[in-house]
Amino acid sequence: MKVALITGVTGQDGSYLAEFLLNKGYEVHGIKRRASSLNTQRIDHIYQDPHETNQKFKLHYGDLSDSLNVTKIIQSCQPDEIYNLAAMSHVRVSFDVPEYVGQVDAIGTLRILEAVRLLGLEKKTRIYQASSSELYGGICENKNKDGFYDENSTFYPRSPYGVAKLYAFWITKNYREAYNMFSCNGILFNHESPRRGETFVTRKITRAVAKIALGQKDKFYLGNLEAKRDWGHAKDYVRMMWMILQADEAEDWIIATGETTTVRDFVKLAFNEVGVKLDFRGKGVNEKAYVKSCNKDNYQIEIGKEILSVDPQYFRPTEVDSLVGNPSKAKNKLGWAPKYNLSSLVKEMMEADLKLFSNKKGGFTSN
């Protein structure tokens with residue numbers, strides 16, 4: 001039986017990956033940070049009573065800012081595979097806590113690699129490092145001739161989060177070359193799900209639309225509606241993470257859909273799920289959205305009502321206007337292809353949030 005260790009197991013990706021690996025027959029160990037309140041909503045449905053025998057899913061308290069703790073957990077688990085998904089992953093917030101982001105997202109990766117090396121596990125343990133499309137910074141000159149970012153595009157991170165991930169990318173590659181480790185980077189473009197955190201723009205949108213449709217909210221605010229992103233489903237992306245560590249050679253890979261959509265169009269797709277068409281007026285920080293029509297009896301919203309405004313506080317100090325990846329390498333060499341398109345992703349997220357707020361309960365769905 002293979003043993004996997006997942007950092008950030010309580011997050012969106014960690015919870016889906018834990019499910020995926022358990023279904024593959026793995027013994028799965030997860031690292032979660034100690035807090036005064038539980039943050040296990042995404043994994044409660046797969047967690048077993050620790051007193052039961054033969055359990056395949058085990059949790060450890062840990063933090064990537066603590067080298068000794070990281071080393072002790074790896075020594076205890078003796079994992080065949082490590083998936084480093086832990087990070088302070090909110091790009092806008094990274095400008096507010098840059099030192100913390102560096103400690104966890106950058107040096108935290110080094111702590112894992114060095115622990116594997118010092119424990120003599122470099123021949124046994126394969127390492128997946130969750131990298132990010134924020135490495136590219138939205139700089140047009142870095143794209144290939146078709147307008148996509150690929151594995152050969154140069155990096156130009158434009159946030160503390162992106163800079164920290166840049167260090168993590170190169171230190172992972174460096175340990176692969178210096179110590180012959182099977183350590184790989186997966187450059188993930190934006191990926192969402194009903195388990196996405198509430199402060200991320202896609203989940204902020206679907207939650208707000210559900211509340212407005214149910215009469216629990218009047219309007220909401222967003223930042224740059226012109227921003228374009230390559231949005232996929234987290235389930236597709238964790239499957240690719242596993243495939244990366246099953247490959248014959250350690251390499252770096254892009255995980256993306258190859259399609260791009262504006263934040264504005266994501267809003268339209270979400271409102272379409274409740275039968276609402278929008279009328280956008282104004283430009284830039286003065287742009288607003290009004291209800292144009294509503295054709296579902298369950299969600300009657302006043303025609304002409306203002307339900308969305310732009311708030312400049314949600315703009316980043318350095319904006320990244322467009323990110324779209326080229327997943328050709330993953331498709332051609334590993335046979336990976338996404339099973340979800342954007343419409344099905346938005347539909348799933350909206351169904352989950354409508355159900356969530358219809359029941360007037362907080363938390364995460366297990367979808």
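This is a guided tour of one protein chain, stop by stop, for you to follow in your viewer.

**Before you zoom in**

The model is predicted. Show the whole chain as a cartoon. You will find 10 helices and 15 strands. The radius of gyration is 21 Å, close to the 21 Å that the globule rule gives for 367 residues, so the chain is as compact as a globular protein of that length. Now turn the model to see its extent. Along its principal axes the C-alpha trace spans about 65 × 55 × 40 Å.

The chain exposes about 16400 Å². Carbon and sulfur atoms supply 47% of that area. Of the 367 residues, 54% are buried.

Next, think about which parts of the chain meet. Take the contacts with a separation of 6 or more: residues 24 or more positions apart account for 75% of them.

Colour the charged side chains. There are 51 positive and 45 negative ones. How far apart do the centres of the two sets lie? The distance is 2 Å.

**Stop 1: the cysteines**

Select every cysteine and show the sulfur atoms. A disulfide is a covalent bond between the sulfur atoms of two cysteines. How many disulfides does a search of the whole structure find? The count is 0.

Pick Cys77 to see one case. A disulfide needs the two sulfur atoms within 2.5 Å. Cys77 is also buried, at 7% relative accessibility. Then jump to Cys294. This residue is buried too, with a relative accessible area of 14%.

**Stop 2**

Most residues other than glycine have a negative phi.

Select Gln78. Its phi is near 50°, a positive value in a residue other than glycine. Where is Gln78 found? Look in the loop between helix 2 (67-77) and strand 4 (81-84). Gln78 is partly exposed, with a relative accessible area of 34%.

Now select Asn180. This residue is not a glycine, yet its phi is positive, at about 55°. Asn180 is in the loop between helix 5 (160-179) and strand 6 (182-188). Is Asn180 buried or exposed? It counts as exposed, at 56% relative accessibility.

**Stop 3: Ser94**

Go to helix 3, residues 91-94, and select Ser94. Its relative accessibility is 0%, so Ser94 counts as buried. Show what surrounds it. Leaving out residues up to four places away in sequence, Ser94 touches Met88, Val101, Ser159, Pro160 and Tyr161.

**Stop 4: Gln103**

Move on to helix 4, residues 98-118, which holds Gln103. Gln103 is partly exposed, with a relative accessible area of 34%. Beyond its neighbours within four places in sequence, Gln103 is in contact with Leu64, Gly108 and Arg111. Now draw a distance from Gln103 to Ala164. The two are 61 residues apart in sequence, and their C-alpha atoms are 8.4 Å apart in space.

**Stop 5: Glu251**

Select Glu251. It sits in the loop between helix 7 (234-246) and strand 11 (253-255). Glu251 counts as buried, at 17% relative accessibility. The cut-off for buried is under 20%.

Which residues does Glu251 touch, not counting those up to four places away in sequence? They are Arg176, Cys184, Asn185, Lys329 and Lys333. Here is Cys184 again. Glu251 and Cys184 are 67 residues apart in sequence, but 5.4 Å apart in space, C-alpha to C-alpha.

**Stop 6: Lys211**

Finish in helix 6, residues 201-213, at Lys211. Lys211 is partly exposed, at 23% relative accessibility. Its contacts, with residues up to four places away left out, are Gln216, Lys217 and Phe357.

Lys211 and Ala330 are 119 residues apart along the chain. Their C-alpha atoms are separated by 38 Å.

How values were computed
Residues numbered from 1 in each chain as written. Predicted model: local features only at pLDDT ≥ 70, side-chain atom pairs only at ≥ 80, totals over all residues. Heavy atoms only, no water. Helix = DSSP H or I, 4+ residues; strand = E, 2+ residues; numbered from the N terminus. Rg over C-alpha atoms; globule rule 2.2 N^0.38 Å. Buried < 20%, exposed > 50% of the residue type's maximum accessible area, 1.4 Å probe, protein only. Contact = heavy atoms within 4.5 Å. Areas by Shrake-Rupley, 256 points an atom, 1.4 Å probe, with all protein chains shown as cover. Lys, Arg positive; Asp, Glu negative; His and termini not counted. Charge placed at Lys NZ, Arg CZ, Asp CG, Glu CD.
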